[in-house]
Amino acid sequence: MSDIELANRTDRLWLPYCQMKTMATPFEVSHTSGTKIFLKDGTELIDGIASWWTACHGYNHPHIVEAIQHQAQRMPHVMLGGLVHEPAMRLAVRLSEVSGFENGKVFLSDSGSVAVEIAMKMTIQHWRNLGNEKKIRFLCFRDSYHGDTVGAMSLCDPVDSMHSRFKGFLLEQYSQPIPELEQDLDRFESFVNQHADEIAGVIIEPLIQMAAGMRFHSPEVLAQLFSICKRAGLVFIADEVATGFGRTGSLLAVQQANIQPDIMCVGKALSGGTLPIAATLASDEIYRSFHSDDFANALMHGPTFMGNPLACSAANASLDLFETGAPVCDAMKLESQMMQQLEPLKKVPSVVDVRCRGAVGVVEFNHEIDVTNAIPFFVEHGVWLRPLRNTVYLAPSFNIEKSDLIRICQAIEKFANR
Ligand SMILES: *Cc1c(COP(=O)(O)O)cnc(C)c1O
């Protein structure tokens, strides 16, 4: 088949999160650069969401591209079963150092959902290795999103999730609202204490619950939740897949609450949005229960492309960029810039809230937004945004030009006043 015949053939691609029958025709991208997406028809779009929050340094960052090219010539891939290599070892050391897991271990995988599955297996097996077979459930939060695989889906909001079609099939977990007031914290603590025998661990998206509705909680609440769960002996899992690497205005969200989780999942921006890679970090205390003369205590998990050298090199290059401190500084500055631009929208009758935290800006409406209509509207205005439920949100590259940010916000204003 010729190139021309192959072009415009979306008929064999099954696309994510859409009703294929009624969706708007997807836009074909020819290339990316900086904070721009270039469509095949020549349209230039300013990207407001950095490809699901991954491209934190912008697209095609030369330092990351060069690292990938260099690694591609040496060794694109080798299995990690019984073999190790420099890019993976280097990444594990650096990740553990920046995240407070210096004495722990880093388990590499290829997507955030898998990193969460691994965290679940680690937690359950940790207790089993210690002889506790009763702790077989997780505590998670309303409005949470932890991934699309079967285990991870069970940790998402049980009622209002994207996975309601799988009700009855998923593992049953405990789910609580994130406390807002002092008395909510008391209620949360009694709940935890009441079920602590059964609950192996708790999982939270620290500071910002992204994919299930862009909700924020304070570092103080996060710190309180941590203390309550630790007092009850639960394994505390921070799912930093979305929040990690600067998105909330600190390298990791947990740093703002000054807490050290037992397990942490990272992904998304780990390779600066270039190659799929994720990691599950475990504290020494968790790891020690696996370290044994009994083979049955070993963690039975091993993705085929675990520690892929290309992806590790990309992640190492992204970490180089973070070492200067500039990306996190830029992310912090975005908070006030976005707030300044978006705040006037509070006056629009259909807007119920405008909030910004780090490099995330949220305009919340009093109704669900029809993505099929909204996306072409934004494309017409030269910006790439993908509304989520009742929000139009921004999660741009940290180095986005102020003028581009303003253009995105103007498009949102036009959308809101439509
Ligand atoms: C995106 C996301 C995941 C899943 O990551 P994938 O790479 O899509 O599998 C898990 N947890 C959080 C908090 C996320 O935002």
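This is a predicted model: local features need pLDDT of at least 70, side-chain atom pairs count only at pLDDT 80 or more; totals for chains, interfaces and linings use all residues.
Q: Where in the fold is Val354 placed, and which residues is it in contact with beyond its neighbours within four places in sequence?
A: Val354 belongs to strand E13, which covers residues 351-357. With those sequence neighbours left aside, its contacts are Met339, Leu342, Glu343, Leu345, Lys346, Val362 and Val363.

Q: How far apart in space are Val354 and Asn399, C-alpha to C-alpha?
A: Separation along the chain and separation in space are read as two values. For Val354 and Asn399 these are 45 residues in sequence and 22 Å between C-alpha atoms.

Q: Which residues have the most contacts inside the largest nonpolar core?
A: In soluble globular proteins, nonpolar side chains tend to be buried together. Here the largest nonpolar core holds 123 residues, and Leu342, Phe378 and Ile412 have the most contacts inside it. Helix H5 (residues 112-129) supplies the largest share of this core, 9 residues. There is also a second, separate core of 8 residues, with Ile37, Leu39, Tyr59 and Ile375 among them.

Q: What does Leu342 touch, not counting residues up to four places away in sequence?
A: On that count Leu342 touches Val354, Cys356, Gly361, Val363, Leu394, Cys409 and Ile412.

Q: Where is Glu205 found, and is Glu205 buried or exposed?
A: Glu205, one of the residues around the ligand, sits in the loop between strand E7 (199-204) and strand E8 (208-209). Its relative accessibility is 5%, so Glu205 counts as buried.

Q: Which backbone nitrogens lie within reach of the side chain of Glu205?
A: The Glu205 side chain reaches the backbone nitrogen of Tyr145 at 2.9 Å. A polar atom of the Glu205 side chain also lies 3.0 Å from the backbone nitrogen of Met210. Not counting residues up to four places away in sequence, Glu205 touches Asp143, Ser144, Tyr145, His146, Met210, Ala211, His217 and Asp239.

Q: What polar contact does the side chain of Asp143 make?
A: First the setting: Asp143 lies in the loop between strand E5 (137-141) and helix H6 (150-155). Its relative accessibility is 17%, so Asp143 counts as buried. The side chains of Asp143 and Arg215 are joined by a polar contact of 3.5 Å. With neighbours within four places left aside, Asp143 is in contact with Asp157, Glu205, Gln209, Ala212 and Arg215.

Q: Where does Ser271 lie, and is Ser271 buried or exposed?
A: The loop between strand E11 (263-266) and strand E12 (278-282) contains Ser271. A relative accessible area of 1% makes Ser271 buried. Apart from neighbours within four places in sequence, Ser271 contacts Ile64, Ile277, Ala311, Ala314, Ala315 and Ser318. Ser271 and Ala55 are 216 residues apart in sequence, yet 8.3 Å apart C-alpha to C-alpha.

Q: What is the phi of Ser51, and what is the phi of Asn60?
A: Ser51 is not glycine, and its phi is positive, near 50 degrees. Ser51 is placed in helix H2 (residues 50-53) and is partly exposed, at 35% relative accessible area. Asn60, also not a glycine, has a positive phi of about 55 degrees. Asn60 lies in the loop between H2 and helix H3 (62-74) and is partly exposed, at 41%.

Conventions
Residues are numbered from 1 along each chain as its sequence is written. Side-chain values use heavy atoms; hydrogens and water are left out. A residue is near a molecule or strand if one of its heavy atoms lies within 4 Å of it. A nonpolar core is a set of buried Ala, Val, Leu, Ile, Met, Phe, Trp, Tyr and Cys residues joined through side-chain atoms within 4.5 Å. Buried means under 20% relative accessible area, exposed over 50%, partly exposed in between (1.4 Å probe, protein chains only). Helices (H or I, at least four residues) and strands (E, at least two) are DSSP runs, numbered from the N terminus. Contact means heavy atoms within 4.5 Å. A polar contact is a pair of N or O atoms within 3.5 Å; within protein, one must be able to donate a hydrogen and the other to accept it, and residues adjacent in sequence count only if both atoms are side-chain atoms.
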